[in-house]
Amino acid sequence: MAQRSTAQNAPVDEQTPVVGSAAWWSGRHAARARQRSRPGGLTLDLIMDASLRIADEQGLDALTMRAVAERMQLRHTSLYRHVPSREALLVELVDHMLGEISLPAPGPDWRAGTEAGAREYRRVLLAHRALVPLLTRGQLLGPHALRAREQGLRLLTGAGWPAENAVRIYLTVTHYVVGAVLLDTGGAARTPGERAAMSDLFASLPARTHPLLTTHSALLNDLDGEGEFDFGLRCLLDGIAATREAR
């Protein structure tokens with residue numbers, strides 16, 4: 001990702017952290033700790049709420065600093081004290097969305113908790129489909145993302161997993177959810193009509209060169225996204241559980 005200015009019309013500084021990077025988030029956390037909000041005043045959460053509504057209703061292309069200000073009936077320059085650029089707004093917005101995740105409470109059943117967390121993560125992402133492509137724009141290191149990491153690791157270590165295994169399990173399951181949602185909402189997403197067309201394509205192939213595709217054309221496109229996700233998550237957790245049993 002190219003370095004960008006953190007203020008409107010400011011020149012790019014080689015020392016300016018890339019928006020969404022660990023160094024950038026470190027500065028944002030420090031700035032929040034210093035910031036004092038005024039009762040009834042403008043806050044980052046209010047800006048994010050308005051931004052999320054625009055993204056959900058109109059898509060990312062409609063989400064500009066000016067559009068957010070108009071939604072909030074403010075001058076757009078008043079937003080820059082809280083979020084210095086549109087790119088920063090997008091990164092902050094992803095973390096704001098993650099705040100909607102209801103995290104599972106730690107307990108002895110690591111598998112049930114991990115599965116519940118994965119499903120809840122997917123639910124929130126699918127509720128805000130316009131934001132899904134932004135998951136790869138920056139590192140997920142905002143307050144809500146860190147809260148989820150902390151809770152996920154607490155769940156696994158509390159259930160007896162060694163720290164190294166707990167980290168690997170948490171990251172593996174999280175990456176599976178993100179990858180599945182990216183496919184479900186991106187160019188690989190398939191509507192019922194698209195699935196039927198793909199079945200027709202497979203069925204029309206020469207049986208001599210593609211015998212399995214032609215024979216199983218309907219089956220290959222019968223599952224929906226939910227079914228595919230459930231199967232993959234179950235297999236993933238089965239494999240993780242097997243490593244523990246082997247130990």
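Predicted model: local features only at pLDDT ≥ 70, side-chain atom pairs only at ≥ 80, totals over all residues.

Visitor: Why are α5 and α7 called roughly parallel?
Guide: The axes of helix α5 (residues 110-127) and helix α7 (residues 163-185) cross at roughly 30 degrees. Angles under 35 degrees count as roughly parallel, so α5 and α7 are given that term. Their axes come within 10 Å, and α5 passes α7 in a right-handed crossing.

Visitor: Which residues make that contact?
Guide: From α5 they are T114, A118, Y121, R122, L125 and L126. From α7 they are V173, T174, V177, V178, V181, D184 and T185. By class, this contact of α5 with α7 has eight nonpolar, three polar and two charged residues.

Visitor: What makes V177 a buried residue?
Guide: Its relative accessible area is 1%. Buried means under 20%, so V177 qualifies. V177 lies in α7 and, leaving aside neighbours within four places in sequence, is in contact with A118, Y121, R122, L125 and F229.

Visitor: Why are α5 and α11 called roughly antiparallel?
Guide: α5 and α11 pack at an angle of about 150 degrees, with their axes 11 Å apart. An angle over 145 degrees counts as roughly antiparallel, and α5 and α11 are therefore described that way. α5 passes α11 in a right-handed crossing.

Visitor: How do the residues of the contact of α5 with α11 divide by class?
Guide: They divide into seven nonpolar, two polar and nine charged. Among them are R111, E115, R119 and R122 of α5, and E226, D230, R234, D238 and R244 of α11.

Visitor: What makes α1 and α4 roughly perpendicular?
Guide: α1 and α4 pack at an angle of about 75 degrees, and their axes are 13 Å apart. The range for roughly perpendicular is 65 to 115 degrees, so the term applies to α1 and α4. The contact is made by W24, W25, R28 and R32 of α1 with A88, V91, E92 and D95 of α4. By class, it has four nonpolar, no polar and four charged residues.

Visitor: How do you know that S51 is buried?
Guide: S51 has a relative accessible area of 0%. The cut-off for buried is under 20%, so S51 is buried. S51 lies in helix α2 (residues 44-58) and touches L63, V68, L89 and L93, not counting residues up to four places away in sequence.

Visitor: Which residues touch the most other members of the largest nonpolar core?
Guide: They are L63, V68 and L89, in a core of 57 residues. α1 (22-34), α2, α3 (65-72), α4 (86-98), α5, α6 (143-158), α7 and α11 (225-246) each supply at least two residues of this core. Not counting residues up to four places away in sequence, L63 touches S51, I54, A55, V68, R86, L89, L90 and L93.

Visitor: Which residues of α3 are buried, and what do they pack against?
Guide: M65, A67, V68, A69 and M72 are buried in α3. The buried residues of α3 pack against α2 and α4. Just after α3, Q73 takes a positive phi of about 60 degrees.

Note on methods:
Residues numbered from 1 in each chain as written. Heavy atoms only, no water. Axes fitted to C-alpha atoms, helices over the stretch in contact; angles between N-to-C directions. Helix = DSSP H or I, 4+ residues; strand = E, 2+ residues; numbered from the N terminus. Left-handed = near helix turned anticlockwise from the far one by under 90°. Contact = heavy atoms within 4.5 Å. Nonpolar A, V, L, I, M, F, W, Y, C, P; charged D, E, K, R; others polar. Buried < 20%, exposed > 50% of the residue type's maximum accessible area, 1.4 Å probe, protein only. Core = buried A, V, L, I, M, F, W, Y, C linked by side-chain atoms within 4.5 Å.
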